[in-house]
Structure formats: C-alpha cells, structure tokens
Amino acid sequence: MCNRTLAMSVERGQVIRYHIRKGGDPGAVRTYLLGFGIAMLSIQQGKLPIHCSALATPEGGAILIAGESGAGKSTLTAELLKRGYRFLADDMAVVDISGKEGVWVYPAFPYMKLCRDVVLRQGYPPEELLYIDEKKDKFLVPCTGVFQREKARLERFVFLGIRWKKEAEDKSGKIKAEKITGPDSMIVYKDNLFLRHLWKKQDPGMEIWQNCLKIAEQIPIFWIRRPAAGDSTAEVAAEVHALRNVVSA
C-alpha cells in the first residue's frame, strides 16, 4: 500500500514494514497502521476485517453493525450500549472463521467515533471529549466502562439502510427488516470488508470469496431500513434485539 503519507507492506501475516514519504503527515501514521495495517495482517492470517461496529450481546454472543452512510450505525451502537450491550470494536472488527467452534469477533480499542449530533443526543459532554475530525465534526468517545476484553461468538450481522419516501412500501413510516439469503449474503460480507476500496478495480481473490462464503453460511445477515425522516433509533434498537429470537429459532 502506498499513499501521500507512507508506503507500507505486510509480510506473512506477522510483520508490517513502512516508511514515511517526503511531505507525509507523521501524525497520520498510527491511523494507517491500526487501520489498513491490521486489516492486511488479518487477511494474511485468514481472518476477515469487516468495516462495522461490533457489540457483545447481553446473552454473551456478538453482533456486527454496518450500514450506508448516514443510516445511523453510530447512533444505534450508542443506543444499544445503554441497553446492556458491551463494546467490542468501532470502524473495523476482525472476525476469525478458522475454528471448528463457530465464528469469533475480537475486541479492538475501547473508543468509538461519534458525530456531534449523536454525542449531544446520547448525553455525552462534548467539552470532555477529544475532537478528532473537523471535516466530519467527530469526537472520540471512551467506552472503557462498557468494553469487553474477551472475544465473543458471532451470532448475526445487521446492515442498516434508509427507506426513502419514493419507495411504495414506505407509506407506513415504519422500519423494515428482512433476512438476506443466497449469494447476496456472501456479497454483503465482501462489500463490507475494510479493504474493499483497494479492490475496486481488481478481484480480491478466490481465498477472500471462499472466506466470505464460509461466514455467510454460518452467520445470518439482516437488512434493516429506517424512514428517512424522524428519529427511529429506539425502534431500530428494539428490532435488532428481537432478532436474537430469529437466530435461535
């Protein structure tokens, strides 16, 4: 991998080598190492780095929450933490599919990135948080009190979307949930890999497709769409929690 900040290579799933390019921002190096660097290490180790939030459920399992831009992933994550869920990862979750006893999600760092409106809505004091992104107006919110340090067995994947008014079925103004099945489920996993942007012009390779198929065969995906207008966070959170009954049925 090479960009304006650094050139980086990953070897045998064990070693990251890099050098900062002339004019590169040294302050951004850690971000690339902990993001793309860890993602490439995980791929080489046969794991899947998925662009999502990860939470441990009150019952002891784990869920992944991904979604379209603006669909409310961070808002939903913050809401579920208030409902007894525990924090595992934000932005990227590393998933291990190599074991014989299910699929496992590893914990990452006890911090999540939230936009100002979510910070205010969830009652976090902005003046006590680290401001990290002027362009997206985001804060770094500590989750040490609700952070789970142990890995958890993955139970379900939730993908969030928005129901626009032009959709005929949106007349009710309610959220819509459906299970994604067949080849589409494998594609959802592939399209939400952390390194997906690096593969826009090339196929990720047979091993990646096989791993996406392997996880899709074991872990169900649910697509939840909320109305474009209004705040339906509570309803979406209730729907996500209710999905545990669908999985266990």
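Two bridges join strand E7 (residues 93–96) to strand E8 (residues 104–105), and the two strands run antiparallel; strands are said to pair if DSSP finds at least two bridges between them. Helices (H or I, at least four residues) and strands (E, at least two) are DSSP runs, numbered from the N terminus. The model is a predicted one, in which local features need pLDDT of at least 70 and side-chain atom pairs count only at pLDDT 80 or more, whereas totals for chains, interfaces and linings use all residues. Residues are numbered from 1 along each chain as its sequence is written, and side-chain values use heavy atoms, with hydrogens and water left out.

Ser42 is found in helix H1 (residues 29–44) and is buried, with a relative accessible area of 4%.

A further group of strands forms an open sheet of three, in the order E9-E11-E10, with antiparallel pairing. Strand E9 (111–115) and strand E10 (130–133) stand at the edges with a single partner strand each, so one side of each is left without a neighbour in the sheet. Neighbouring strands of this sheet are turned by 40° against each other on average, direction ignored. E10 pairs with strand E11 (residues 138–142) over three antiparallel bridges, and Asp133 has Lys138 in E11 as its bridge partner. The loop between E10 and E11 holds Asp137, a residue other than glycine with a positive phi, near 55°. Asp137 is partly exposed, at a relative accessible area of 24%. A positive phi near 55° is also found at Arg12, again a residue other than glycine. Arg12 lies in the loop between strand E1 (6–11) and strand E2 (15–20) and counts as exposed, at 60% relative accessibility.

The axes of helix H4 (residues 183–191) and helix H5 (residues 206–218) come within 8 Å and cross at roughly 120°. That makes H4 oblique to H5, since angles under 35 degrees count as roughly parallel, over 145 as roughly antiparallel, 65 to 115 as roughly perpendicular and the rest as oblique. Axes are lines fitted to C-alpha atoms, for helices over the stretch in contact, and angles run from 0 to 180 degrees between N-to-C directions. In the contact, Ser185, Met186, Ile187, Tyr189 and Lys190 of H4 meet Trp209, Cys212, Leu213, Ile215 and Ala216 of H5. The buried residues of H4 are Ser185, Met186, Val188, Tyr189 and Lys190, and among the elements that cover them are H5 and strand E12 (152–163). Gln210, placed in H5, is partly exposed at 47% relative accessibility. Gln210 and Met186 are 24 residues apart in sequence and 9.1 Å apart in space, C-alpha to C-alpha.

Definitions and conventions. Contact = heavy atoms within 4.5 Å. Buried < 20%, exposed > 50% of the residue type's maximum accessible area, 1.4 Å probe, protein only.
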